[in-house]
Amino acid sequence: EYGELPLASFFLGRLLGRSAPVDELASLDAELARQLRWIERCDDAPTIDALELDFTTTHKAFGQTRVVELCAGGAARRVTVANRRRYVRLLARYLLGTRIAPQTAAFERGVCKLIRPSLLRAFARDELQLLLSGAEGPVDVADWRAHTHLQRFGPAHECVAWFFEVLAT
């Protein structure tokens, strides 16, 4: 039996063509999100300077670690009180978007083979989660049948009967 496939909120947003806000970083890494929120709120220049941050991050993949600049010249740009919010925003954009862009694109291509992109974009994140992962509990088929409004077929039509028969199994 397959378990549910809960997807992180930022990932669902990417599938819907929306950029992920910084506050969604917690769905990827709660501790890092907490640290970045602290940096955003800290307005003490000596404290920020003591962190010795620049506009880079490291990316580890296949046993290799490489430095990624978050903006042009990022390795030479120090994080200061004046630019700390930009640093947090760029790091979150990299972590929630750029770094996983190939995987997100591959997943989206698969989903879009099943659902037209124009229809996909009509969903809210929680609705898309339900569509992709299903409901947490069993589906109440009798309730669904009782609240279904048919337009082209009657409730006794063979296709309608098959549909609810499949749902019940």
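Modeller: Let's start with E24 and R125, both of which are buried in this predicted model. The two form a salt bridge, and their closest N and O atoms are 2.2 Å apart. Now look at where each partner sits: E24 belongs to the loop between α1 (9-15) and α2 (30-41), while R125 is in helix α7 (residues 125-133), so this pair ties together parts that are 101 residues apart in sequence.

How many salt bridges are there in total? The count comes to three, so let's move on to the other pairs.

Find R34 and E31 next. Their salt bridge has its closest N and O atoms 2.5 Å apart. Both residues lie in helix α2, with three residues' spacing, which is about one turn of the helix.

The remaining pair is R121 with E108, where the closest N and O atoms of the salt bridge are 3.1 Å apart. R121 lies in the loop between α6 (117-120) and α7, and E108 lies in helix α5 (residues 101-114), so the pair ties together parts that are 13 residues apart in sequence. Here the two partners fall into separate classes: R121 is partly exposed, with a relative accessible area of 34%, whereas E108 has 19%. Buried means under 20%, so E108 is buried.

While you have the model open, turn to the strands too. Strand β1 (residues 56-61) and strand β2 (residues 64-69) run antiparallel and are joined by six bridges. To see one of them, go to T58, whose bridge partner in β2 is V67.

What does its side chain meet? A polar contact of 3.3 Å joins the side chains of H59 and Y94. Leaving aside neighbours within four places in sequence, H59 is in contact with Q64, T65, R66 and V68, and also with Y94 and R99.

Methods: Residues are numbered from 1 along each chain as its sequence is written. This is a predicted model: local features need pLDDT of at least 70, side-chain atom pairs count only at pLDDT 80 or more; totals for chains, interfaces and linings use all residues. Side-chain values use heavy atoms; hydrogens and water are left out. Two strands pair if DSSP finds at least two bridges between them. Helices (H or I, at least four residues) and strands (E, at least two) are DSSP runs, numbered from the N terminus. A polar contact is a pair of N or O atoms within 3.5 Å; within protein, one must be able to donate a hydrogen and the other to accept it, and residues adjacent in sequence count only if both atoms are side-chain atoms. Contact means heavy atoms within 4.5 Å. A salt bridge is a side-chain nitrogen of Lys or Arg within 4 Å of a carboxyl oxygen of Asp or Glu. Buried means under 20% relative accessible area, exposed over 50%, partly exposed in between (1.4 Å probe, protein chains only).
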